[in-house]
Structures are given as structure tokens and as C-alpha cells.
Amino acid sequence: MKHESKQKAEEHQQLAAKSTRENVAREFATTDELLRHDAAQTEVPPVIAERLSKSIEGLPGPARSWWQRIFDR
């Protein structure tokens with residue numbers, strides 16, 4: 001019985017140490033950098049990804065810039 005509780009305590013310590021290593025503080029220069037990092041770390045649930053895809057289907061593409069309109073004539 002004591003061996004099991006000792007083993008559980010050791011596992012708990014290992015998990016805590018791993019968690020501490022993973023939660024290293026990180027400083028970002030800009031909010032854009034922070035958002036990109038967060039987006040790379042966060043998995044979007046498939047239901048949400050599907051809803052987003054459907055909602056942006058009908059949106060027009062980005063407008064051409066003024067210099068593209070002038071020089072593409």
C-alpha cells in the first residue's frame with residue numbers, strides 16, 4: 001500500500017516538473033506575434049473550422065491596391 005502511494009507521489013512530482021517546464025514565460029514584441037503564437041498552439045475544433053469556412057465562402061476577396069489598379073491597365 002505504501003509503495004503505491006509513494007509511486008503516485010513520484011508520478012505527481014514528475015507531472016508537476018513537466019508542467020513547469022512547459023509553462024516557460026515568453027515575451028512577445030507585438031500583439032500580432034502573440035496572436036500568431038497562440039494560433040499555432042491552439043487546435044480549432046472541426047465543427048468551428050467548418051462553420052468558419054462556410055461563413056467566409058461568400059465574402060469577396062481583398063481589393064486590389066491603388067498601384068495595382070493603375071499599373072495593370
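**Overall.** I'm working from a predicted model. I counted 4 helices and 0 strands, so reading from the N terminus the order is α-α-α-α. I then checked burial: of the 73 residues, 0% count as buried. The chain's accessible surface comes to about 7,600 Å², and carbon and sulfur atoms account for 56% of that area.

**Salt bridges.** How many salt bridges does a search of the whole structure find? It finds 2.

I looked at Lys-54 and Glu-50 to begin with. Their side chains meet in a salt bridge, at 3.4 Å from N to O. Both residues lie in helix α3, 4 residues apart, which is about one turn of the helix. Lys-54 is exposed because its relative accessible area is 54% and the cut-off for exposed is over 50%. Glu-50, at 46%, is partly exposed.

Next I went to Asp-72, which forms a salt bridge with Arg-64. The closest N and O atoms of this pair are 3.6 Å apart. Asp-72 has a relative accessible area of 56%, so I put it down as exposed. Arg-64 has 43% and is therefore partly exposed.

**Nonpolar patch.** Which residues form a nonpolar patch on the surface? I got Val-44, Val-47, Ile-48 and Leu-52. Together they have about 350 Å² of accessible area. I followed up on Leu-52, which is found in helix α3, residues 46–56. Its relative accessibility is 48%, so Leu-52 counts as partly exposed.

Conventions. Residues are numbered from 1 along each chain as its sequence is written. This is a predicted model: local features need pLDDT of at least 70, side-chain atom pairs count only at pLDDT 80 or more; totals for chains, interfaces and linings use all residues. Side-chain values use heavy atoms; hydrogens and water are left out. Patches are made of residues with over 30% relative accessible area and no salt bridge: like charges are joined within 9 Å, nonpolar side chains (Val, Leu, Ile, Met, Phe, Trp, Tyr) within 5 Å. Accessible areas come from the Shrake-Rupley method with a 1.4 Å probe; for residues, only the protein chains shown count as cover. A salt bridge is a side-chain nitrogen of Lys or Arg within 4 Å of a carboxyl oxygen of Asp or Glu. Helices (H or I, at least four residues) and strands (E, at least two) are DSSP runs, numbered from the N terminus. Buried means under 20% relative accessible area, exposed over 50%, partly exposed in between (1.4 Å probe, protein chains only).
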